[in-house]
Amino acid sequence: MATMFLLAAIFIFTFHSASSSNTSYQTYIVHVDLPPTEEDGFSGQSNLETWYHSFLPPSSEAATSDSDNHYTPSSRIVHMYRNVITGFAAKLSPEEVKEMEKKPGFMHARPHKKYQLHTTHSPNFLGLHQGVGAWPASNYGKGVIIGVIDTGITPGHPSFNDQGMPPPPPKWKGKCELSGTLSCNNKLIGARNFASYFPGPPIDNFGHGTHTASTAAGNFVSGANVFGQANGTASGIAPLAHLAIYKVGSHENGTDVLFDSDLLAGMDAAIEDGVDVLSLSLAGDSVSHTSPFHEDVVAIGAFSAVKRGIFVTCSAGNDGPSHSSLYNTAPWILTVGASTTDRKIKATALLGNGEAYEGESFYQPEEGGSSSEELLPLVYGALCGSELLGEIGVKGKVVLCEIGTFNNGQDVKDAGGAAMIGINDETDDYYTEPIPHVLPATLINYEAALKIRAYIEDANSSTPTSAILFGGTVIGDKTAPMVTPFSSRGPNLVSPGIIKPDIIGPGANILAAWPVSIDNNIKEKTATYNMVSGTSMSCPHLSGVAALVKSAHPDWSPAMVKSAIMTSSTQTNLGDIPILDQRHQPADVFAVGAGHVNPPAALNPGLVYDISARDYISYLCFLYTERQVAAIVNRKIDCSSKSEYSGVPEAQLNYPSFSVVLGRDISYAYSRTVTNFGEAESTYYAKIECFPGVSIFVEPTVLSFTEVKQQLTYEVYFSRTEFTTNGSYVQGSISWVSTKHVVRIPVSVKLVL
């Protein structure tokens with residue numbers, strides 16, 4: 001039995017909600033028309049930003065946020081929305097809103113009081129707000145059952161209360177193996193234990209399953225907080241979806257104890273019980289990077305689920321940033337990588353030379369105040385082991401440590417140190433995570449660390465000094481979403497003709513339910529929420545999004561739901577530049593897949609790419625023997641050329657992406673079929689992103705629909721125009737653009753000689 005691993009790195013998180021010191025201002029959600037010059041229905045982020053800023057009061061252009069109780073335009077804007085919801089969130093007074101109503105293009109504004117901050121923040125970051133937009137349009141996932149295959153559940157947690165929940169749908173056939181005061185309800189409609197090494201009720205003794213379940217579909221919890229911070233309303237992505245829990249393992253003595261036999265049993269039960277979505281934040285060992293699908297129980301179980309109409313979401317793995325480090329790459333699975341959100345827990349290292357380097361820390365003084373700004377001597381402590389700290393003498397000093405862990409901070413404190421500056425790993429580059437330290441501390445990025453080292457070692461400088469300044473929780477990081485360094489990357493070794501991951505979603509510093517109270521030795525107050533990072537966290541985000549799409553479109557196949565999620569994704573960050581990786585370099589298709597999930601747009605994608613079970617089997621017949629195919633599809637298959645399942649090349653599968661290998665004198669033509677779920681009478685125009693060294697054209701270049709559910713097919717022709725490159729990849733995209741939709745699929749071409 002192959003041992004499985006939970007795809008998460010765990011961190012404790014402190015968060016407090018930021019509020020304006022000026023009570024005359026509120027945050028409003030403002031809905032506006034598209035910019036009048038954008039007749040084709042889509043626009044660049046820079047044009048939208050200019051358009052949104054034009055609605056702000058003229059007085060704000062020269063105002064400052066503190067001196068005269070006004071805000072600058074940049075601080076006025078809280079969020080900018082794209083695609084389905086055209087509008088923005090801004091800090092305004094009621095009088096300013098009345099003036100805004102007079103401007104051409106204004107639609108309406110609603111006060112922020114109806115949209116409390118979620119503790120995970122990720123729903124807000126994804127454009128999900130109570131009472132407006134995608135959530136009410138999808139009924140908050142109502143009626144959809146999400147099956148979570150994980151380490152169990154904490155049934156008494158308030159995130160799993162059933163207030164406002166309807167009874168389970170009549171099709172539900174699941175069981176509840178809880179009893180007494182710990183029982184199921186209309187939110188938690190099923191809980192079963194298949195973990196053979198952990199008999200008893202499916203209670204989560206680790207926390208992973210509780211966290212992922214609440215991320216996907218936790219109910220609204222008012223007054224949720226962590227360490228007295230972040231008071232607000234917590235919820236999952238699909239807050240009114242039902243949850244069915246299947247415990248298949250746990251964590252013991254620092255090791256994941258989870259076997260594929262238990263996993264397959266859990267998936268089998270979930271299919272029988274009648275779930276609509278399966279969420280699996282786990283994978284096999286490192287060998288499974290290259291394991292064929294007929295040896296992969298997740299791929300096998302997922303195929304059985306998909307052919308019964310169940311959507312399957314899996315984590316991509318935490319082995320990034322190495323290439324070809326993916327798990328769960330079958331095309332019938334939505335494979336999810338991890339990204340950051342725009343929230344930082346700010347702690348700045350101020351140097352005696354005036355330079356300041358922003359980092360993060362869970363150690364935040366009471367009431368969001370800052371630490372003393374007194375500059376203290378700064379010394380380099382290398383790995384900051386207790387022996388070395390004693391030798392160099394750190395009492396009353398700020399210590400720069402190569403590894404900024406909780407234990408390092410404890411050692412510095414025990415040695416009499418006043419504060420610590422931790423350095424993240426070189427492979428993490430600009431990615432940082434807050435840590436619950438026991439003394440003033442910050443974790444800075446690797447580039448900043450090099451500059452601080454140089455400052456300490458500068459023989460011409462006076463005694464180096466530093467201080468730690470705390471900024472609390474800050475929303476609006478323009479580099480978000482950024483691909484996390486741990487998120488596994490392609491290319492896909494198991495099926496190179498399919499681009500993986502499919503999508504990225506929030507997976508860094510995600511706050512969600514936890515089975516026990518957390519105490520970081522800083523504050524006495526404890527809470528049952530925790531901060532966790534990993535593709536384990538991005539996976540349930542997408543499971544929740546799938547539930548929203550299925551609730552809005554209950555007759556869609558899993559492939560249609562996947563297509564809607566992928567083709568509506570975004571490729572730019574909040575700074576309106578291409579999504580970056582942890583190096584602050586443009587992230588390639590093997591890091592982001594189709595892009596970053598955009599739930600509001602996924603509800604109305606315009607066109608979808610559908611794939612049937614027969615299509616998948618034909619694809620498998622191209623890759624494997626009949627015996628191997630039978631192991632995946634659970635029945636005998638005739639793959640001969642005369643059968644209905646004669647092999648179909650990977651690139652011919654009706655997948656919402658292309659992955660092609662081009663040699664010197666070889667050209668290819670592949671087709672795709674799209675189904676119209678937008679306006680009945682609509683016209684889409686082909687738009688091809690540049691491919692260096694590759695000629696690509698589409699025929700026809702215009703798709704004209706006359707009715708909903710109409711299908712049209714197009715051909716894509718690939719040929720080579722450059723003949724010296726060998727072994728490298730080029731990438732781009734093919735989009736179908738109408739007045740209301742942009743339906744985009746990524747393309748990867750490998751050039752060989």
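Helix axes here are lines fitted to C-alpha atoms over the stretch in contact. The views below come from a predicted model.

**View 1. Helices H6 and H12 cross.** H6 covers residues 208–217, and H12 covers residues 535–552. Their axes come within 7 Å. The crossing angle is roughly 35°. The crossing of H6 and H12 is right-handed.

**View 2. Residues where H6 meets H12.** H6 contributes His208, His211, Thr212, Thr215 and Ala216. Across from them, H12 contributes Ser536, Met537, Pro540, His541, Ser543 and Gly544. By class, this contact of H6 with H12 holds 3 nonpolar and 8 polar residues. It has no charged residues.

**View 3. Helix H7 from end to end.** H7 runs over residues 260–273, which makes 14 residues. At 1.5 Å a residue, H7 should span 20 Å. Just after H7 comes Gly274, with a positive phi of about 100°.

**View 4. Buried residues of H7.** Three aspartates of H7, Asp260, Asp262 and Asp273, are buried. Leu263, Met267 and Ile271 are buried as well.

**View 5. Phe293 in its loop.** Phe293 sits in the loop between strand S15 (282–283) and helix H8 (297–306). Its relative accessibility is 1%, so Phe293 counts as buried; the cut-off for buried is under 20%. Phe293 and Leu623 are 330 residues apart along the chain. Their C-alpha atoms are separated by 9.8 Å.

Conventions. Residues are numbered from 1 along each chain as its sequence is written. This is a predicted model: local features need pLDDT of at least 70, side-chain atom pairs count only at pLDDT 80 or more; totals for chains, interfaces and linings use all residues. Side-chain values use heavy atoms; hydrogens and water are left out. Helices (H or I, at least four residues) and strands (E, at least two) are DSSP runs, numbered from the N terminus. The expected span of a helix is 1.5 Å times one less than its number of residues. Buried means under 20% relative accessible area, exposed over 50%, partly exposed in between (1.4 Å probe, protein chains only). Axes are lines fitted to C-alpha atoms, for helices over the stretch in contact, and angles run from 0 to 180 degrees between N-to-C directions. A crossing is left-handed if the near helix is turned anticlockwise from the far one by less than a right angle, and right-handed if clockwise. Contact means heavy atoms within 4.5 Å. Ala, Val, Leu, Ile, Met, Phe, Trp, Tyr, Cys and Pro count as nonpolar, Asp, Glu, Lys and Arg as charged, and the others, Gly among them, as polar.
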